[in-house]
Amino acid sequence: MDKDEVIATLNDLIETSKDGAQGFRSCAENVSDLQLKTLFADRARGCDGAVVELQDIVRSLGGDPETRSSLSGTLHRRWLDIKSASAGHDELAVLEECERGEDVAKRSYSQALERVLPPEIRAVVERQYQGVLRNHDQIKSLRDQLQVSRNLGKR
């Protein structure tokens with residue numbers, strides 16, 4: 001893979017990570033539970049850190065790092081805002097949408113790792129991917145727990 005392809009791959013991941021940071025912030029704004037707000041804010045900061053790390057690598061390769069999030073990420077956040085508003089800032093709805101966002105991040109990182117990347121860059125992408133997987137699994141677990149507790153409450 002030539003340098004321009006590596007830069008393009010990293011810029012795609014920058015967009016994905018920016019989407020994640022903004023998505024987690026949007027989730028934090030759409031829940032009332034303090035623990036969820038804290039979790040989402042922490043995850044947003046983690047995504048911000050990934051962005052900075054990837055942007056630094058792109059610069060070191062002589063490229064121009066991406067500075068914006070994607071259109072699809074913006075649309076997803078608007079959908080989250082609308083869904084949350086109509087559901088009365090329902091934590092379950094927010095967790096479901098957050099998990100969908102993390103599904104996108106998993107796919108983006110997985111696709112990047114299918115490419116031939118220089119070993120030192122691959123190590124960074126793999127480490128960040130492991131963070132994405134942890135985020136996804138934690139959000140899914142919280143969603144499942146909330147779903148079960150609600151189902152038990154309906155009996």
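User: What counts as a helix in the pattern read along this chain?

Analyst: A helix is a DSSP run of H or I with at least four residues. In this predicted model, the protein chain reads α-α-α-α-α along the sequence. That comes to 5 helices and 0 strands.

User: Why are H2 and H5 called roughly antiparallel?

Analyst: Helix H2 (residues 34–60) and helix H5 (residues 119–153) pack at about 165°. Angles over 145 degrees count as roughly antiparallel. H2 and H5 are therefore roughly antiparallel to each other. Their axes are 11 Å apart, and H2 passes H5 in a left-handed crossing.

User: What makes the contact between H2 and H5?

Analyst: On H2, the residues include Leu-36, Leu-39, Phe-40 and Arg-43. On H5, they include Ile-121, Val-124, Arg-127 and Gln-128. By class, the contact has 10 nonpolar, 3 polar and 3 charged residues.

User: Which residues touch the most other members of the largest nonpolar core?

Analyst: Leu-10, Leu-13, Leu-54, Tyr-109, Ile-121 and Val-125 do, out of 20 residues in that core. Helix H1 (3–29), H2, helix H4 (91–113) and H5 each supply at least two of the core's residues.

User: What makes Leu-10 a contact of Leu-54?

Analyst: Contact requires heavy atoms within 4.5 Å.

User: How much of the protein chain is buried?

Analyst: Buried means under 20% relative accessible area. Buried residues make up 44% of the 155 residues.

Key
Residues are numbered from 1 along each chain as its sequence is written. This is a predicted model: local features need pLDDT of at least 70, side-chain atom pairs count only at pLDDT 80 or more; totals for chains, interfaces and linings use all residues. Side-chain values use heavy atoms; hydrogens and water are left out. Axes are lines fitted to C-alpha atoms, for helices over the stretch in contact, and angles run from 0 to 180 degrees between N-to-C directions. Angles under 35 degrees count as roughly parallel, over 145 as roughly antiparallel, 65 to 115 as roughly perpendicular and the rest as oblique. A crossing is left-handed if the near helix is turned anticlockwise from the far one by less than a right angle, and right-handed if clockwise. Ala, Val, Leu, Ile, Met, Phe, Trp, Tyr, Cys and Pro count as nonpolar, Asp, Glu, Lys and Arg as charged, and the others, Gly among them, as polar. A nonpolar core is a set of buried Ala, Val, Leu, Ile, Met, Phe, Trp, Tyr and Cys residues joined through side-chain atoms within 4.5 Å. Buried means under 20% relative accessible area, exposed over 50%, partly exposed in between (1.4 Å probe, protein chains only).
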